[in-house]
Structures are given as C-alpha cells and as structure tokens.
Amino acid sequence: MGSLFRSEEMTLCQLFLQSEAAYACVAELGELGLVQFRDLNPDVNAFQRKFVSEVRRCDEMERKLRFFEKEIKKDDIPVLDIEENVEAPQPREMIDMEAKFEKLENELKEVNTNAEALKKTFLELTELKHILNKTQIFFLMR
C-alpha cells in the first residue's frame with residue numbers, strides 16, 4: 001500500500017463511471033488505498049449532493065459501532081484485533097448490517113436500562129436491610 005506524500009509521484013485522472021458500477025469501483029479503489037478524491041463541486045452544499053442519504057446512513061452506522069465499542073471497553077471484553085483490511089460490503093449487505101446494528105443497539109440500550117434499574121433496586125433493598133438491622137437492634141435493647 002502506498003502513501004500520499006507530497007513528494008510521491010502522482011497523476012491526476014478523471015473517471016467517468018456508470019451509476020451501477022460506481023459503488024464497486026470506488027470500493028475497490030478505496031481498498032487499494034492509492035487514491036485521493038478531489039471535490040470538483042466545492043460550491044455545492046453538502047446537503048445537495050447526490051449520495052448524501054447514503055453518507056448519513058454510514059455515519060449513523062459508524063455512531064452505532066462507536067457505541068458498541070464503548071460498551072465493549074466498559075465491560076473489559078477482549079476483542080480480536082484483525083490487521084487485514086476488510087472488503088467494503090455490497091449495498092444489499094449494508095441494508096442487512098444496518099438492520100442488525102439497529103436491533104443490537106436497541107437490545108443493548110434495553111440491557112443497560114435494566115441493569116441500571118436492578119442496581120438501583122439492589123441499593124434500595126440494601127439500604128432497607130441495614131435500616132431493619134439497626135431498628136431490630138434498637139427494639140431488642142428496650
């Protein structure tokens with residue numbers, strides 16, 4: 001894999017791709033890591049771009065993955081570190097991943113809510129237990 005240092009030899013190219021092949025071509029170029037994209041429409045607002053909905057979906061999936069990572073680190077769960085680059089998923093796989101992430105996020109939030117409720121109940125019951133122990137001692141002394 002090369003790097004994009006200023007001193008490296010570079011060539012400016014313009015690619016014209018069919019819409020159906022654009023995703024596969026860009027994914028392949030991205031996996032090679034030898035390409036730098038240049039914005040040819042800097043005056044166009046980010047929300048007016050053609051693929052803004054796909055980018056938002058990816059941002060949302062990335063947010064969910066960061067949430068999973070935070071929860072995994074919080075619980076000290078060991079994770080295998082894979083050094084190899086993973087291929088970009090196909091658009092239909094992205095839909096499946098999005099659904100799985102949504103389901104896992106909802107389940108994890110529910111587990112966290114239940115764990116908080118259990119912790120709160122445990123603390124309340126522990127407090128009541130200590131109160132009962134102290135009052136029992138008080139009443140036995142009389």
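Is Leu 34 buried or exposed? Leu 34 is exposed, with a relative accessible area of 52%; buried means under 20%, exposed over 50% and partly exposed in between (1.4 Å probe, protein chains only).

## Basis of the model

The model is predicted: local features need pLDDT of at least 70, side-chain atom pairs count only at pLDDT 80 or more, and totals for chains, interfaces and linings use all residues. Residues are numbered from 1 along each chain as its sequence is written, and side-chain values use heavy atoms, with hydrogens and water left out.

## Overall form

The protein has 3 helices and 0 strands, arranged along the sequence as α-α-α. Helices (H or I, at least four residues) and strands (E, at least two) are DSSP runs, numbered from the N terminus.

The C-alpha trace spans about 95 × 35 × 30 Å along its principal axes. The radius of gyration of the protein is 27 Å, whereas a compact globule of 142 residues would have a value near 14 Å; this radius is taken over C-alpha atoms, and the globule rule is 2.2 Å times the number of residues to the power 0.38. Of the 142 residues, 7% count as buried.

## Surface

The protein exposes about 13,300 Å², of which carbon and sulfur atoms supply 59%. Accessible areas come from the Shrake-Rupley method with a 1.4 Å probe, and for residues only the protein chains shown count as cover.

Leu 34 is placed in the loop between α1 (19-32) and α2 (52-74). Together with Leu 15, Leu 17, Val 26, Leu 32, Val 35 and Phe 37, Leu 34 makes a nonpolar surface patch of about 630 Å². Patches are made of residues with over 30% relative accessible area and no salt bridge; like charges are joined within 9 Å, and nonpolar side chains (Val, Leu, Ile, Met, Phe, Trp, Tyr) within 5 Å.

## Nonpolar core

The largest nonpolar core consists of 5 residues: Met 61, Phe 67, Phe 68, Met 94 and Phe 101. Helices α2 and α3 (91-141) each supply at least two residues of this core, and the largest share, 3 residues, comes from α2. Such a core is a set of buried Ala, Val, Leu, Ile, Met, Phe, Trp, Tyr and Cys residues joined through side-chain atoms within 4.5 Å.

Leaving aside neighbours within four places in sequence, Phe 67 is in contact (heavy atoms within 4.5 Å) with Glu 105, Leu 108, Lys 109 and Asn 112. Glu 71, in helix α2, is buried at 6% relative accessible area.

## Salt bridges

The structure holds 8 salt bridges, each a side-chain nitrogen of Lys or Arg within 4 Å of a carboxyl oxygen of Asp or Glu. One of them joins Arg 57 and Glu 98 (3.0 Å, N to O). Arg 57 lies in helix α2 and Glu 98 in helix α3, so this pair ties together parts that are 41 residues apart in sequence.

Another salt bridge joins Lys 64 and Glu 102 (2.3 Å, N to O). Since Lys 64 belongs to helix α2 and Glu 102 to helix α3, the pair ties together parts 38 residues apart in sequence. Lys 64 is buried, with a relative accessible area of 3%, whereas Glu 102 is partly exposed at 35%.

Within helix α2, Lys 73 and Glu 69 are 4 residues apart and thus separated by about one helical turn; their side chains meet in a salt bridge (3.6 Å, N to O).
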